[in-house]
Amino acid sequence: MSRFDDDGAGPGPVLQVDDLRVWYGTPRGPVRAVDGLNLTVARGESVGLVGESGCGKSTLGRGIVGLLPPGTGIDGEVRFADRNLVGLPPAALRDIRGPGIGLIFQEPMTRLNPLLRISDHFAETIRAHESGVGRKEIRARSLEALRGMGIPPTRFDHYPHEFSGGMRQRIMIALVLVLRPALVIADEPTTSLDVLVEAQILSILADLRANFDTGLLLITHNLGIIAEACDRVAVMYAGRLAEVGYAREVFAEPAHPYTQALLASTISLRTTELSYIPGAPPDLADPPPGCRFHPRCQKAMRQCAQHEPIPVRTASGEVTCWLHGPSNGQSPVDLEPLVREELRSADEA
Amino acid sequence: MRAYLVARILLVIPMVWILLTLVFLLLRVAPGDPITAALGGQLPPAELARRRHAAGFDRPIIVQYFDYLRQVVSGNLGKTQQGESVTHVVLVNGSATLELSIFALLFALVVGIPIGLRCGRRRDGAFDTFGRLFGIITYAAPVFFLGLLFQLLFTKKLGWLPPSGQVSSTLQAEISDGPHLLFFEALFKGDMTGLSDVVKHLILPAVTLGLLITGVVIRLVRVNVIQTLQGDYVEAARARGIPERRVVMRHAFRNALVPIVTVMGLQAALLLSGSVLTEETFNWPGIGNRLIQYLQNRDYLAVQGIISVFAIVVVVVSLLIDIVNAILDPRVRY
Amino acid sequence: MTANVGSAEVGTTQARGGGLTRRLIGPIREAHGLPKVLLWVGGGLFAVFVICAIFAPWIAPYSFDATSSGGKQFPKYGHPSAAHWFGTNVTNHDVLSIVIYGARTALEVVVLAVLFSVIVGVVLGLISGYYGGWLDRILVLIMDALFAFPYLLLAIVVAFLLAGKVGGGVMTAALSITVVYVPQYFRVVRNSVLSAKQESYVEAARALGARPRTIMGRYLFGNVIQSVPVIATLNAADAILTLAGLGFLGYGIQPGDAAEWGYELSRAVTDAGAGIWWTGLFPGLAIVLLVVGLTLIGEGLNDILNPVLRRRFGRLVVMPARPRSQEVAGDVGGER
């Protein structure tokens, strides 16, 4: 088991994110990719993080382990193994990356060093975190991890360009798992792969939870994957969470208008006409006032444009939307539907 | 790997052939033949005709062409106007140039690579700015200007180092008639006085020429390290908690070597051009020096012979570079 | 030889063609920090020399080939003094005037050379890249051979062949240098064209029946145009060095025709033995400063335009204090 398990402190969450902010420094000013986000992942739980492109999902994944460009502002708390990862010195963060938290990336084609054999990748990874491990043991452990992914030992000494995309992704996953992390963050792991390979990988990830009690944060824009593979789902919009809850319930009865719109726009065999969310995601350097979704929301009220909504607990989780209160202290005017001019067509990204 | 090597080595033949053809054509673009072009107005027609016949220039051009090819391949590069064998000149003077080039290159790599690496790692920091500036200035200063300044400083003012030549005139007599790799000769013979003399003569020219290449190396290493550091596999390595030092050396730098080596190979031409100028400045008995003399004397046959050798050298260097690349980068071999 | 700033050469953002403003001038205006400094310093240095070149007759105290003024003979090897700021050389010429007029020569030759190389190189690259086939293969072979050849020797040989035919040292020198740099533009442009050819919008244009000239002019040219300025400035810097090298070896401009820095340095080599430093130092410094100026411009442009080097993130962010944590309220009868 990972050496980052709680020391008998009881089944607490493996990851707890509190009011996290990650702001990038750009010539135009700070881009608020993550702007006050709370999230919890329990031991052995699989949480899906879903949202449109550019909502900050990948930033969250990277921000948790501190893999950000220099100069990026980060604030808040990321509790893992009894420590706050925000502000941790680089050496300590490096110790956690790998054996504590593993990261699976999106494009497997370019994530392996083309000049290094697969065996070198494994040796390097294991030796970086454990001293005094002999070559035989490294080989044994690596082969075992690869076997779990369906990669035969005969290919252990091959170079990355000799593998297909799907195989490379499985190798990446094996590289992550060989260190037995307590939490795995998977950032769009199947987006660039075909559906058959996708199914394989999802089942591998499902096995993780079953066999090793590893927590999983699955970042994706594909609702179908989440419905299939995740216990809970967090819906992210413009750097914040719109809604969090148990997947089944959120999909059956979505509370936030954004979630409702997302679900309505998915295509199935029963779809007769395309529905989409008008407008485009906001510019994170200059987000709209109040609720960030209000310019595109069909159910927006006056106060949505003025005050940021407060998270409210629901039966299945939490939703951040004025439609669900809290309703003390508002005048009736605030609750009237928002009147606004025609939405201008989205600027080119 | 073997298949690649064989194919690559075989490629040398057409490359050499094309370059030699170009050299042949280049030297006959002037109307008439090299001898007429050189000495047309200075000799009586009969003498001109005799020389042309002796050199075989009155035969059809196709015959001349194949003759030329045949001769080069068999190692006969013709004779200079003074009757020396061009092959001999290439051997003696070419080796002197080789010695100069080797040490200049060594200097450039030893100084340039660490600077370029540090610049690439800490981009836009103080070191990076000064490193870049240093690289730009050393490249901008013409070799003969730097040489001049060094001579003024180290010879005139300080009197530490000799201003010219490969070896002192007192030891000149001891040199054999073969290749002039004097540093290595002295080293092997264990001749310490000779060695120190050779080294003293070697320092200024090698550093001057070396500084020129250093500028190129710094820029090259810097840009390529910056590029590889942005690579996806570098981010993935960091995400696995690999120590930063190893990420930089084993992932970024090692991968940057591939394009670096390729472009360095192209700098062989730069090195040759630079050595011509350096040899002029320091009176170094190299092949560049001789080439200038032959050009001034309009000794076209000698010029043709020497440039042919240059062409072959360029092809061989390109072959070596490709082999090194194949060793470094497994993708190339397949 | 331009080292092509490494493997990345000069990258282009593969977007729709056209839009000189959007591609070049826009990013330059937006640039901050170090690249901007490089551009300003380089531009400043370059401007100084341009002014010298254009206004030489007014700025220089004497003509470059004057050996006397106002009836007074110039000394031979005169030390730097009030009358001769940079001293005089072995043929009684004023070094300062030589340096200033030398700027004119250098810029004349280099502007001509770069112009010719760009035109020939870009056009050949476009045609070769677009049409492909045997024409392409032959051109690539020739260009690679020229590229691999020591640049100085190539220039010398061409200077030889042209000597006396094209008349005037400036044109000869310019043409010799042109031959050396055409392969660079050819190569970069051809690569640009080859990758742009794959783009869907080019395929679409062809499907609509656009003529090759239209496709090359409107779509491919825009992509290509982004890499040319950087290479042009770096080539100009190189060309100055090549010109000086030619002059040093005696194959450049004839001393009577115009002042040339490289030639002055060739004479200064013997002066160094006698301890006379001013005949070499000032022309040499002129070369260094002009080349550095041009290189800085090129590096600055590259930092701005090359996508590999561009800095999208990296500004330091200072975050305002955390707003008070919001309490999570219970479900207090809101609408559904």
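**Figure 1. Salt bridges across the predicted model.** In this predicted model, the number of salt bridges over all chains comes to 27. One of the pairs joins E124(A) to R240(B), whose side chains meet with an N to O distance of 3.6 Å. This pair crosses between chains: E124(A) belongs to helix α3 (residues 118-129) of chain A, whereas R240(B) sits in the loop between α11 (232-239) and α12 (244-282) of chain B. Both E124(A) and R240(B) are buried.

**Figure 2. Close-up of E124(A) and R246(B).** The side chain of E124(A) also meets that of R246(B) in a salt bridge, at 2.6 Å from N to O. This contact again runs between chains, from helix α12 of chain B, which holds R246(B), to helix α3 of chain A, which holds E124(A). The relative accessible area of E124(A) is 5%, and the residue is therefore buried, as the value is under 20%. R246(B), in contrast, has a relative accessible area of 33% and is partly exposed.

**Figure 3. Close-up of R238(B) and E244(B).** Within chain B, a salt bridge links R238(B) and E244(B), with their closest N and O atoms 2.8 Å apart. R238(B) has a relative accessibility of 25% and counts as partly exposed. E244(B), with a relative accessible area of 24%, is partly exposed as well.

**Figure 4. Surroundings of S275(B).** S275(B) is a residue of helix α12 of chain B. With a relative accessible area of 1%, S275(B) is buried. Apart from neighbours within four places in sequence, the residues in contact with S275(B) are T97(B), L100(B) and L209(B).

**Figure 5. Helix α13 of chain B and its packing partners.** Helix α13 of chain B spans residues 287-296, and seven of its 10 residues are buried, so the helix is largely enclosed by the rest of the structure. The buried residues of α13(B) are I287(B), G288(B), N289(B), L291(B), I292(B), Y294(B) and L295(B). In chain B, these buried residues pack against α5 (86-121), α12 and α14 (300-328). They also pack against α6 (151-162) and α10 (228-249) of chain C. After α13(B) comes R298(B), which has a positive phi, near 60°.

Figure 6. Chain A contains nine helices and 12 strands. Its radius of gyration is 22 Å, close to the 20 Å given by the globule rule for 349 residues, so chain A is as compact as a globular protein of that length. Along the principal axes, the C-alpha atoms of chain A fill a box of roughly 75 × 45 × 45 Å. Buried residues make up 55% of the 349 residues of chain A. Of the contacts in chain A between residues at least 6 apart in sequence, 66% join residues at least 24 apart. Chain A exposes about 15,500 Å², of which carbon and sulfur atoms supply 51%.

How values were computed. Residues numbered from 1 in each chain as written. Chains lettered and ligands numbered in written order. Predicted model: local features only at pLDDT ≥ 70, side-chain atom pairs only at ≥ 80, totals over all residues. Heavy atoms only, no water. Helix = DSSP H or I, 4+ residues; strand = E, 2+ residues; numbered from the N terminus. Rg over C-alpha atoms; globule rule 2.2 N^0.38 Å. Buried < 20%, exposed > 50% of the residue type's maximum accessible area, 1.4 Å probe, protein only. Contact = heavy atoms within 4.5 Å. Areas by Shrake-Rupley, 256 points an atom, 1.4 Å probe, with all protein chains shown as cover. Salt bridge = Lys/Arg side-chain N within 4 Å of Asp/Glu carboxyl O.
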